[in-house]
Amino acid sequence: MTELRRVDPRTLVPNPNNPRKTQPDARAEHQLALNIKTVGLIHAPCVRELEDGRLMIVAGHRRVRACIAAKLDEIDVHVRSGDEKSDTMAAVAENVVRADMTESEQWRGVLDMREKGATDTEICRAFMVTPAYLRGLMLLSQIHPPIIAAIDGGIGPSYTERNAIARTPLERQRDVWAEIWAESADEGVDPTDYEMSREEFAHFDWEDFVRYLDQVELYARDFEFDDETAQEAGVVWEEDLFGQGGQDNRYCTQFAAIFKAQQIWAEKKKPEGCVFIPANEYGEGIVPEGHRSVGSWEMEQADDISTIWVSSRTLAIKTGRMRKITQRTAQSCEEGSLSFSSAQSAEKPKERADISGTGQKIIGEVRTQA
């Protein structure tokens, strides 16, 4: 049941559980106030009567503020009867469906609705979203806050990367985040809580961050580079005090530093004539333009060029061969196909007359009947 009342907008009480927490855009607020002053309030806010008789805003906080800014003495409001659960659903739906909310605000709205007893089906209907989208929001409960801030800012990880991050303990996420931004945080500020700027995001790779999380301990015994290369790449070894005796128990958790050390080492140790190439996201070597990778099953040729690269996934140094693409090679790749020149020299098919002999006969019979 709803009742339409005419009230002073200044007497309306804001909802303390309003899901929208971000500061409104001042220009947008001003434009809304001017619009209401010109054409009036088109959609009445929704309110609920409290036990003391005051009216609390359920949905329409921006409209109420705009009406006050437009100096309206009275406005229409819909007074609804309901409970906290239905009020929360209405407030969240108002913000999600009619105005953009950040994902963290949507997530907090979901938590609030669940606490009020709403089912996931009811939440999906209120949000007008799919269950898959709802599950994606709930990943935020397992993600480090500065990463959530990046998501809200439009510079966060993809859905797949969020899944990988959410599977990692929060303590590990905090440690890796602090390690990455240790030099960027102001003096005396914990780098664990550092929030990345859009400019810093231009040089940031979420895939690398996920790899940091996955590679918890990278042991020196699994790599061949020497101490000089390690120092050059910025590798800082730690000692595993619980490691097995009689082996090198030094380890490092800096994935990027180990990756750089492997690249430097591969450059140093590659044979004469061997070319260092980059790797793609799957850890495979990327040959330069005008060349192709030579499969291990192919016969080696004198003009083959040796290649070496570092897998971006396993950090292993890999080798292979590449071959320059020539016109002859291109033709052999099209073996069995007809070339343009041979197509021109082939005998042309006989041209078919516009009207066949049978057609001529039919035309003649028609003319005779005419």
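The crossing of helix 1 and helix 2 is right-handed, a term used when the near helix is turned clockwise from the far one by less than a right angle. Helices here are DSSP runs (H or I, at least four residues), numbered from the N terminus. The model is predicted, so local features need pLDDT of at least 70 and side-chain atom pairs count only at pLDDT 80 or more, while totals for chains, interfaces and linings use all residues. Residues are numbered from 1 along each chain as its sequence is written, and side-chain values use heavy atoms, without hydrogens and water.

Two packed helices are described by the angle between their axes and the distance between the axes. For helix 1 (residues 26–39) and helix 2 (residues 61–69), the axes come within 8 Å and cross at roughly 65°. Helix 1 is therefore roughly perpendicular to helix 2 (65 to 115 degrees). An axis is a line fitted to C-alpha atoms, for helices over the stretch in contact, and angles run from 0 to 180 degrees between N-to-C directions.

From helix 1, Ala 28, Glu 29, Leu 32, Ala 33 and Ile 36 meet Arg 62, Arg 63, Arg 65, Ala 66, Cys 67 and Ala 69 of helix 2; contact means heavy atoms within 4.5 Å. By class, this contact has seven nonpolar, no polar and four charged residues.

The second pair is helix 9 (residues 170–180) and helix 11 (residues 206–214), whose axes come within 10 Å and cross at roughly 125°. Helix 9 passes helix 11 in a right-handed crossing. Helix 9 contributes Arg 172, Gln 173, Val 176, Trp 177 and Ile 180 to the contact, and helix 11 contributes Trp 206, Phe 209, Tyr 212 and Leu 213.

How values were computed
Helices (H or I, at least four residues) and strands (E, at least two) are DSSP runs, numbered from the N terminus. Angles under 35 degrees count as roughly parallel, over 145 as roughly antiparallel, 65 to 115 as roughly perpendicular and the rest as oblique. Ala, Val, Leu, Ile, Met, Phe, Trp, Tyr, Cys and Pro count as nonpolar, Asp, Glu, Lys and Arg as charged, and the others, Gly among them, as polar.
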